[in-house]
Amino acid sequence: MKIIKNILIILYITLAWAQHFEGNIGLIGQLPKGEFKDVGVTTGFGLDLNFSYHPVDNFGFGINLGGSVYDISTREIPFSYYSDLITITEETKNGIFHGHLFFKINPLKGRIKPYIEGLIGFKNLQTNTRLYNQNCTDNSDTGWDDCEIA
């Protein structure tokens, strides 16, 4: 019940002062060039969200959030340095996430509205790698996990 009450309060505030709130959604694209393209980094896509409040026409502040996954790759690698008879799969995912608090000043009115914007926040670039074996079958007669990678 408390969640419904909070949602209704937010909707009321948003609708009652709608001229003061602004939001937009943007598409992010990572298109590799040069060295990144040469090593096979794939094209990535993501979303960027902005929400702001404008107490007066010329000034606003808000939050910016976004993120994307720009490379997912898999490859077979040998399990042992000495032999390539047994292979495991290496899966790597690369992503970026950002969040900012910002302010925006619109000093002029008219068709063309230049603005000044200031951001403070973070960007998190992360790489996750997972190793797994698709070619292993467990022996159900034993209690041991025969496919575990040590």
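So, buried residues, meaning under 20% relative accessible area with a 1.4 Å probe and protein chains only, make up 21% of the 150 residues here. Keep in mind it's a predicted model: local features need pLDDT of at least 70, side-chain atom pairs count only at pLDDT 80 or more, and totals for chains, interfaces and linings use all residues. Numbering starts from 1 along each chain as its sequence is written, and side-chain values use heavy atoms, with hydrogens and water left out.

We've got 2 helices and 5 strands, running α-β-α-β-β-β-β from the N terminus. Those are DSSP runs, helices H or I of at least four residues, strands E of at least two, numbered from the N terminus.

Now the pockets. On a 1 Å grid over the protein atoms alone, a pocket is an open set of points where a 1.4 Å probe fits, with protein on both sides within 12 Å along at least five of seven lines; lining residues have an atom within 4 Å of a point. Volume is the space filled by probe spheres set on the points, which are joined across faces, edges and corners.

The largest pocket holds about 200 Å³, and its lining includes His 20, Phe 21, His 54 and Lys 113. Strand 1 (21-30) and strand 2 (44-56) each give two or more residues to that lining.

Conventions
Buried means under 20% relative accessible area, exposed over 50%, partly exposed in between (1.4 Å probe, protein chains only).
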